[in-house]
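The sequence and the structure come first, followed by the residues concerned.

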Amino acid sequence: MKVDGTHYRTIWLAEDGKTVEIIDQTKFPHQFEIARLETVGDAAHAIADMLVRGAPLIGATAAYGIALAMRADPTNENFEAAFTELAATRPTAINLRWALERMRTIVLHAPEDHRAKTAYAAAAAVCDEDVEICAAIGRNGLKLIEAIAAKKADGEPVNILTHCNAGWLATVDWGTATAPIYMAHDGGIDVHVWVDETRPRNQGAALTAWELGKHGVPHTVVVDNVGGHLMQHGLVDLVITGTDRTTARGDVCNKIGTYLKALAAADNGVPFYVALPSPTIDFAIFDGVAEVPIEQRGADEVDRMTGTTADGRIETVSIVAPGSAIANYAFDVTPARLVTGLITERGVLAADQAAIAEAFPERAGRAAE
Ligand code: MRU
């Protein structure tokens, strides 16, 4: 997508052909900064400390992390050490493990003196594939928006609510939940996006709002608890969120608070769609609530907020009563029964085991073996 007229992906190979560059998402929305990854340790730090985040981008960064490791030392031992270090960074998004397993299959088949080159090519392929997949998600989700737009009076926008950031900043380009929105907007459909702030890290307010604004998509930021009220008053036509892991039967794990939006949507008859690339499906598990590991992050994320002061300084303040205990669950699970449909690169699917297995037989079959 474009930032002030320049096309960016969220991750790319630097001009030296060795180091990797990313957009540092911890600096949003105050600064637009590029960071360099030179070692596997840099890649692991970028994922764990959320310079990059979002399930697909975490996977892409891990793939490049393996390439950086193979450039330093292409032995099996170093591959396994890099795999372990990267896999430990964040537990919930399955794309991380998917990307690492794929790198293992490709890289360890190459002779040691070809492994670095092979790994860089495989990481670039993960990125290119993600862009293609997200574009296909966009085309498939666009049809849903078009159908709603066709029933609207002239000048009435299609109101879409989204949670967290499943935008292009969470992928390599386009985004998952946002891809249909960008395509609808670019195609002249009047869309308006309700952007959940998404405490504690504010991915909605800081990232989704920023990228929609850069692309000129009308949007309004709301605090996390507003969604139910908006739905009761007919102000949401559909919800589209992303996911970090979707089980074989269609339970959806996504940023904390997604489940509450799905409950409110069900109570108000608002369609609740989840956009996802197939690497986000974990065919090995079924019951999301019981089986998806939910990341718990540090108390500082809840206690601290960073913002710009009136005179332009960036400052961090503490907001919780001193001494209070803090819990920081980063994800929750929305059961498949609350999901209207899954917007994938192969079409919009029912959130059930048969539909998912039919759309992705090559992966569903292997998982069942
Ligand atoms: O903790 P984050 O910012 O990595 O969480 C991101 C999300 O929850 C996204 O909705 C999800 O990764 C889908 S990204 C296309």
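Helices and strands here are DSSP runs, numbered from the N terminus; a helix (H or I) has at least four residues and a strand (E) at least two. The model is predicted. Most residues other than glycine have a negative phi, and most peptide bonds are trans.

**Positive phi**

Met 50 lies in the loop between α1 (40-48) and α2 (55-72). Although Met 50 is not a glycine, its phi is positive, about 65°. Is Met 50 buried or exposed? Its relative accessibility is 2%, so Met 50 counts as buried, the cut-off being under 20%.

Thr 198 also has a positive phi without being a glycine, with a value near 70°. Its place is the loop between β7 and α7. Thr 198 has a relative accessible area of 0% and is therefore buried.

| Peptide bond | Form | Omega |
|---|---|---|
| Phe 28 to Pro 29 | cis | about -5° |
| Arg 199 to Pro 200 | cis | near 10° |

Where is Pro 29 placed? Pro 29 sits in the loop between β4 (20-23) and β5 (34-37). Pro 200 belongs to the loop between β7 (191-196) and α7 (203-215). That loop between β7 and α7 also holds Thr 198, with its positive phi near 70°, along with Pro 200, to which Arg 199 is joined by a cis bond.

Notes. Residues are numbered from 1 along each chain as its sequence is written. This is a predicted model: local features need pLDDT of at least 70, side-chain atom pairs count only at pLDDT 80 or more; totals for chains, interfaces and linings use all residues. Side-chain values use heavy atoms; hydrogens and water are left out. Buried means under 20% relative accessible area, exposed over 50%, partly exposed in between (1.4 Å probe, protein chains only).
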